[in-house]
Amino acid sequence: ETHAGTAACSPGLAWNICREFDPRELGVILDIAHFHREGEVAPSLTVSILRDHIDCIHIGGSRREKNARDEFGCALVTKEFCDLKDADSYVPAWISALKAANVQAPLLIEDYEPNVPSEVRIRRCAELLRQLDGKV
């Protein structure tokens, strides 16, 4: 899984792990929400390098927040879960890149925004994805 804080936090690092394997032997879980934290690369480049290995896509919103400072007064950046529409990762570009590459993998909604009921989070994500379908 392409995930912040791991050996596969960027498309290039994920490719280094899986490139020697046939896509039928080793797949990648593409976790879109983590690319704005580490290894951020344009969606089209990410999908083009990992396309054949993408077995599953996790989609959820998160954004950077500067809400604290260290002892030197420097801003500390933290991650906050949010609605897909408010995410640092521009979702229409990701969906467009996946469609253009004809990636046929399940899309799993991972909306972990706190203090929002589960049914609201799933409904709003599904609504955005339906709006994007056929338009990007």
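Strand E2 has five of its six residues buried, so the rest of the structure largely encloses it. Here, buried means under 20% relative accessible area, exposed means over 50%, and partly exposed lies in between (1.4 Å probe, protein chains only). Helices (H or I, at least four residues) and strands (E, at least two) are DSSP runs, numbered from the N terminus. Please keep in mind that this is a predicted model: local features need pLDDT of at least 70, side-chain atom pairs count only at pLDDT 80 or more, and totals for chains, interfaces and linings use all residues. Residues are numbered from 1 along each chain as its sequence is written, and side-chain values use heavy atoms, with hydrogens and water left out.

**The chain as a whole**

- Four helices and five strands make up the secondary structure of the protein chain, and along the sequence they follow the pattern α-β-α-β-β-β-α-β-α.
- The radius of gyration, taken over C-alpha atoms, is 16 Å, close to the 14 Å that the globule rule gives for 136 residues, so the chain is as compact as a globular protein of that length. That rule is 2.2 Å times the number of residues to the power 0.38.
- Along the principal axes, the C-alpha atoms fill a box of roughly 50 × 35 × 20 Å.
- Of the 136 residues, 38% count as buried.
- The chain exposes about 7900 Å², with carbon and sulfur atoms supplying 51% of it; accessible areas come from the Shrake-Rupley method with a 1.4 Å probe, and for residues only the protein chains shown count as cover.
- Among contacts (heavy atoms within 4.5 Å) with a separation of 6 or more, 71% come from residues 24 or more positions apart.

**The sheet**

- Three strands build an open sheet in the order E1-E2-E5, with parallel pairing; two strands pair if DSSP finds at least two bridges between them.
- E1 (28–31) and E5 (107–109) are the edge strands, each with a single partner, so one side of each has no neighbour in the sheet.
- Neighbouring strands are turned by 25 degrees against each other on average, direction ignored.
- E1 and E2 (residues 54–59) run parallel and are joined by four bridges; Ile29 stands opposite Cys56, and Asp31 stands opposite His58.
- Three bridges join E2 to E5, again in parallel, and Ile57 stands opposite Leu107 there.

**Helices on the sheet**

- Helix H3 (residues 91–100) lies across E1 and E2, running at about 165 degrees to E2.
- Helix H4 (residues 118–132) packs on the sheet and touches E2 and E5, its direction making about 145 degrees with that of E5.
- For these angles, axes are lines fitted to C-alpha atoms, for helices over the stretch in contact, and values run from 0 to 180 degrees between N-to-C directions.

- Thr46 sits in helix H2 (residues 43–50) and counts as buried because its relative accessibility is 0%.
- Beyond its neighbours within four places in sequence, Thr46 is in contact with Pro11, Leu30, Phe35, Val41 and Trp94.
- Trp94 belongs to helix H3 and, at 3% relative accessibility, is buried.
- With neighbours within four places again set aside, the contacts of Trp94 are Leu30, Ile32, Phe35, Val41, Pro43, Thr46, Val47 and Ser89.
- Trp94 and Ile59 are 35 residues apart along the chain, and their C-alpha atoms are separated by 9.6 Å.
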